[in-house]
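Here are my notes on the model you sent over. Have it open next to you as you go through the points.

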Amino acid sequence: MATAKKPATKETAAKKTAAKKSTAAKKSTAAPAKSTAAKKTAAVKKTSAAKKPAAKKAKSSVPHLDFDKDLFKRSVVYNVRTLYRKTMEEATDQQIFQAVGYAIKDQIVDHWLKTQEAYEKQDPKTVYYLSMEFLMGRALGNSMINLTAYKDAKDALEELGVDINVIEDQEPDAALGNGGLGRLAACFLDSLATLGYSAYGCGIRYRYGMFKQEIRDGYQVEVPDNWLADGNPFELRRPEYTKEVRFGGYVTSYTDANGRNNYRLEGYQAVKAVPYDLPVVGYGNGIVNTLRIWDAQPVDCFRLDSFDKGDYQKAVEQENLARNIVEVLYPNDNHIAGKELRLKQQYFFVSASIQEAVAKYMRNHDDIHKLYEKVTFQLNDTHPTVTIPELMRILMDEYYLTWDEAWEITTKTCAYTNHTIMSEALEKWPIDLFSRLLPRIYQIVEEINRRFEAQIRSRYPGNEEKVKKMAILYDGQVKMANLAIHAGYSVNGVARLHTEILKNQELRDFYELYPEKFNNKTNGITQRRFLLHGNPLLADWVTKKVGDGWITDLPKIAALKDFAKDEKAQEEFMKIKYQNKLRLAKYIKEHNGIDVDPNSIFDVQVKRLHEYKRQLLNILHVMYLYNQLKEHPTMEFYPRTFIFGAKAAAGYRNAKLTIKLINSVADRINNDRFINGKIKVVFIENYCVSNAEIIFAASDVSEQISTASKEASGTGNMKFMLNGALTLGTMDGANVEIVEEVGKSNAFIFGLSSDEVINYENNGGYDPMEIYRNDPDVHMVLNQLINGTYSPDDPERFRHLYNSLLNTESTSKADTYFILKDFKSYAEAQKHVEKAYRNRSKWAQSAILNVACSGKFTSDRTIQEYVDDIWHLDKVEL
């Protein structure tokens, strides 16, 4: 195991490191200048240069920043001494990480200050990206990459006797997000800084994230993710920008000296919103933008009078109110207290962010009417939609604008990104809860709705059905998506198919009313984290072949197409893939205790667990393959390793039961000597950004098998593609565009089309029971859910999954996500995967083409489209 090396006379820290679990051993396999992997990579580099087509020279075409290596070394040693009163030899790996983090932040702050000075001087328009989630991943490695200082920092640490891989592994993933929504936000911030645009990310400083996932007896167990336990060296507390956020109370009106009727909130509870700033470093350009996350603190920290009277609960009432707001991401909302807490969270960070954005604008400008010329708010899904009435409140109640003046500014300032096709996922709040918790905000929403209903009735006289579908307030609910679409100046989907479905299906009425607002912005990912940092062997290989321009201009990676049929390049690529599979195999052995064969097909599905994403289809197929091997032991079969990683929402029963099923199937198959290791099943615990980087690099097959028409876009599909995995998927979300770029012959497509799914949903005609009765393979697999095959101690354990497919005990629709309908098509596609993988040269060609055709899917392209079509920002030059 790799450890932080110290001089031979000092053994204390090395002994501590050797006892720790760490992914550093895995990372070191792929790190430059490391034993076996490095020797093999060096051999690749030595031989590839002589092969035609010729690789480009190594001259860099991307900018590089100055990095004072000696100053960095001195800073690390100084930080260890002053923070911990220790020498380098005495310090633990965690203490060295903290010291390194502060040393890197010192270098970042110089650029951060220069960036802010440039913004003050050039006064660019700024986008505030409002999101409940920012799934940032680890900051240290990514910051060093974007400072173009990774190699220098690595060399400096080696001179201090420290292994950079071990130090990176001491950093916990920031628990500020969960799934694709948050990771997209993180990629967007990276691209905004790299492209040189003024931007703030705005969110919440969650103390425990959503949860840290542990697997106990095959079940998901949610435990607090205490990511701040050792502190965060990259954050800056900014108490000078503290804001007050108010809940509850009642609204009173008064007439001012000018005869104007004004409103104020009284009898409220308040909390202080205290910002913490995290740097977002652009690649090689010196731009450092800010992720501002808000912590909640009590207005009155402790009431001694109540404590002295014995009312201990009241003494800490304010503290508890504040603490609850920032404890966890997405508290369970299957009860009223959970719903109330979620709404509090949303208003808390939105109100604080909007207050500060307006105040910042007014510090440099004197006309609030022109706010929209310098500020735009992007609502990342419906969670931040209270931005609209909150901005109206500030403009009317604090700047005394008229309704019409405030409405004009708001509707030119707020834009909305829709991330879901599923109508049930469009956020709605009970009116009684909303009005009680946010009385002034509700008043404003009522007035927006009143005027909007009048507009609908004027446009569609006598059509109350339109009012029912489009009203913001209806049937006892506040419909946040309707509010965002009506008040936003832009409404975008996140993949071409998704946007078309929104326009033609879910949001058709709004598209008819506001066609000019709707546009598509296909999602993207940052290649700097998911290739340059996450897969250094492949990144180095790509750079040697086509130059390093791809780091900031990913379409340049298309030059790899010239090497797709080159036998030597194919062999080099496959060796790199093998090294990455070894790295993941070691990680799996350490964390799961399972031996997997790196020569097997690594078939991977890692993403948030939801029924529409169909992890259940995947594991049912694994059960089918296992049945086939048991019945036909001599059948031709290429070994497979099926890898899953997913978190299920704490209150989502079927999702959590699917995790238990996956682990139960794994336990049976992995321990069956009869099949001789031909199938292995692995569930990666606590899937997150840092282990995702290892997983993407090692994957052969990318499982993107959502029910067609249900996935808005997906971004995992792009990360797999960038790392040379072939897509096995439906024509859903961004899969459609991936296939267009790489060609159908370099992917494996199956299943119903989105039009076919929508037709079944609207017109019926699908009976899963018919498939169950007539397909013996499906019949056998489903029966195994309820006959104890995978749960001998409780044969009924998976009954709910069985019922969800066949609807044997409920009035709800059976097999909502068409798992059985697509099963045979999926099984056939898997056969094509096996056949293709046996042809090593053809597989390598397709894998290289996937990398080469990934250029469209950079978040740099997506952000530039937002800038050109929605935000209209100006680049800042340092």
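1. Ground rules. Two strands pair if DSSP finds at least two bridges between them. Helices (H or I, at least four residues) and strands (E, at least two) are DSSP runs, numbered from the N terminus. This is a predicted model, where local features need pLDDT of at least 70 and side-chain atom pairs count only at pLDDT 80 or more, while totals for chains, interfaces and linings use all residues. Residues are numbered from 1 along each chain as its sequence is written, and side-chain values use heavy atoms, with hydrogens and water left out.

2. Strand S2 and its partners. Strand S1 (residues 126-130) pairs with S2 in the parallel sense over four bridges, and Tyr128 stands opposite Tyr200 in S2. S2 also pairs in the parallel sense with strand S10 (residues 288-298), over five bridges; here Cys202 stands opposite Arg292 in S10.

3. A three-stranded sheet. Look next at the open, antiparallel sheet with strand order S13-S15-S14. Its edge strands, S13 (428-430) and S14 (473-474), each pair on one side only. S14 and S15 (residues 477-479) are joined by two bridges in the antiparallel sense, and Leu473 has Val478 of S15 as its bridge partner. Helix H20 (residues 480-487) packs on this sheet and touches S13 and S15 (contact means heavy atoms within 4.5 Å). The direction of H20 makes about 40° with that of S15; axes are lines fitted to C-alpha atoms, for helices over the stretch in contact, and angles run from 0 to 180 degrees between N-to-C directions.

4. Cores. A nonpolar core is a set of buried Ala, Val, Leu, Ile, Met, Phe, Trp, Tyr and Cys residues joined through side-chain atoms within 4.5 Å. The largest one has 150 residues, and those with the most contacts inside it include Ile104, Val478 and Trp871. Apart from it lies another core, of 126 residues, among them Phe642 and Tyr802.

5. A helix pair. Helix H26 (residues 615-631) and helix H27 (residues 653-670) pack at about 20°, with axes 10 Å apart. They are therefore roughly parallel (angles under 35 degrees; over 145 is roughly antiparallel, 65 to 115 roughly perpendicular and the rest oblique). Among the contact residues are Leu616 and Ile619 of H26 and Leu661 and Ile662 of H27.

6. Helix H24. Nine of the 11 residues of H24 (residues 536-546) are buried, so this helix is largely enclosed by the rest of the structure. Trp541 and Lys545 are among the buried ones. Gly547 follows H24 and has a positive phi, near 85°.

7. Two backbone spots to check. Most residues other than glycine have a negative phi. Tyr330, however, has a positive phi near 50°. Tyr330 sits in the loop between helix H12 (317-327) and helix H13 (336-364) and is buried, at 18% relative accessible area. Asn686 likewise has a positive phi, about 55°. Its loop runs between strand S20 (679-684) and helix H28 (689-698), and Asn686 is buried at 15%.

Definitions and conventions:
Buried < 20%, exposed > 50% of the residue type's maximum accessible area, 1.4 Å probe, protein only.
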